[in-house]
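Trainee: I'd like a close look at a single part of this model, please. Pick one spot and walk me through it and the helices around it.

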Amino acid sequence: MDPGMNQLLKWSIENSENPYNDLTATTDPKAERPSGHGLNEEAIRSLMGGPSDADLMKSSMAAIQSPDISLDNKLVAFDNFEQLIETVDNANNLENLALWTPLVAELSSAEAGLRRMAAWCIGTAVQNNIKTQERALAVNALPLLVQLALEDPDDQVRRKAIYALSSEIRNYPPALKVMMHHLPEELRPGGVVNAADMDDVDKVIDVIKQASAKVAK
């Protein structure tokens with residue numbers, strides 16, 4: 001069942017089991033009727049027949065990948081996509097919707113704007129979320145992000161790639177290990193880096209930022 005419809009059904013049952021006071025017995029015009037409290041936007045859209053967040057995510061990615069859509073409109077679609085995956089449920093749903101692979105593929109786009117947005121979306125999706133951190137690692141996003149962070153000619157792309165790396169490695173040792181493997185040897189810090197120690201992580205990210213700043217424009 002669609003998640004929105006599932007919540008709508010649950011809300012309907014709860015409200016039928018806990019009916020409000022009989023409003024027919026009062027003439028008070030201010031008497032409160034039950035509101036939609038407890039329904040999220042996706043449930044309301046289901047009730048109104050609108051697209052779910054999953055539908056919007058899939059249509060956004062379809063637009064991003066379409067050869068018939070202008071670059072400006074692709075960037076608008078990507079911006080919408082990024083806003084959708086700011087919620088944990090939608091970020092987790094990237095795997096179920098098979099959207100991780102096309103998202104990571106955009107890191108290799110010929111268009112800097114699309115590379116930037118792809119890195120930004122990955123950074124948003126994996127922030128403080130072990131499930132999505134695991135998926136980003138599994139689809140080999142890290143080597144591409146390291147490459148963008150250190151080599152991309154566009155400053156904004158490099159910035160978003162570093163943001164994604166920072167989000168991916170925090171509190172997730174497997175990602176930190178893979179990132180360190182792909183860093184040039186001269187950028188690897190000596191000693192052990194603890195993914196759970198934010199100071200350690202910040203120091204590694206600062207080294208990447210310094211190297212990134214030296215990339216020729």
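Mentor: Happy to! A helix here is a DSSP run of H or I with at least four residues, and the helices are numbered from the N terminus. With that in hand, let's go to Asn171, which sits in the loop between helix 10 and helix 11 (173-182). Keep in mind that this is a predicted model. The chain averages a pLDDT of 86, and 76% of its residues score at least 70. Residues 18-36 call for caution, as pLDDT stays under 50 there; for that stretch the model has nine contacts beyond four places in sequence.

As for the setting, the chain has 12 helices and zero strands. Of its 217 residues, 41% are buried. Asn171 has a relative accessibility of 46%; buried would require under 20% and exposed over 50%, so Asn171 counts as partly exposed.

What does Asn171 touch, once its neighbours within four places in sequence are set aside? Its contacts are Ala195, Ala196 and Met198. Across the chain, 66% of the contacts with a separation of 6 or more join residues 24 or more positions apart.

Now for helix 10 (residues 155-169) and its packing against helix 8 (residues 130-138): their axes come within 9 Å and cross at roughly 120°. Angles of 65 to 115 degrees would be roughly perpendicular and those over 145 roughly antiparallel, so helix 8 is oblique to helix 10. Their crossing is left-handed. On the helix 8 side the contact uses Thr132, Gln133, Ala136 and Leu137, while helix 10 supplies Ser167, Glu168 and Ile169. By type, these residues comprise three nonpolar, three polar and one charged.

Helix 10 also packs with helix 12 (residues 198-213), at about 165° and with the axes 11 Å apart. This angle is over the 145 cut-off, and helix 10 and helix 12 are therefore roughly antiparallel. Here the crossing is right-handed. From helix 10, Arg158, Ile162, Leu165, Ser166 and Ile169 meet Val201, Ile205, Ile208, Lys209 and Ser212 of helix 12. That set divides into six nonpolar, two polar and two charged residues.

To tie things together, Ile169 takes part in the contact with helix 8 and in the one with helix 12.

Terms used: Residues are numbered from 1 along each chain as its sequence is written. This is a predicted model: local features need pLDDT of at least 70, side-chain atom pairs count only at pLDDT 80 or more; totals for chains, interfaces and linings use all residues. Side-chain values use heavy atoms; hydrogens and water are left out. Axes are lines fitted to C-alpha atoms, for helices over the stretch in contact, and angles run from 0 to 180 degrees between N-to-C directions. Helices (H or I, at least four residues) and strands (E, at least two) are DSSP runs, numbered from the N terminus. Angles under 35 degrees count as roughly parallel, over 145 as roughly antiparallel, 65 to 115 as roughly perpendicular and the rest as oblique. A crossing is left-handed if the near helix is turned anticlockwise from the far one by less than a right angle, and right-handed if clockwise. Contact means heavy atoms within 4.5 Å. Ala, Val, Leu, Ile, Met, Phe, Trp, Tyr, Cys and Pro count as nonpolar, Asp, Glu, Lys and Arg as charged, and the others, Gly among them, as polar. pLDDT is the predictor's confidence in each residue, from 0 to 100. Buried means under 20% relative accessible area, exposed over 50%, partly exposed in between (1.4 Å probe, protein chains only).
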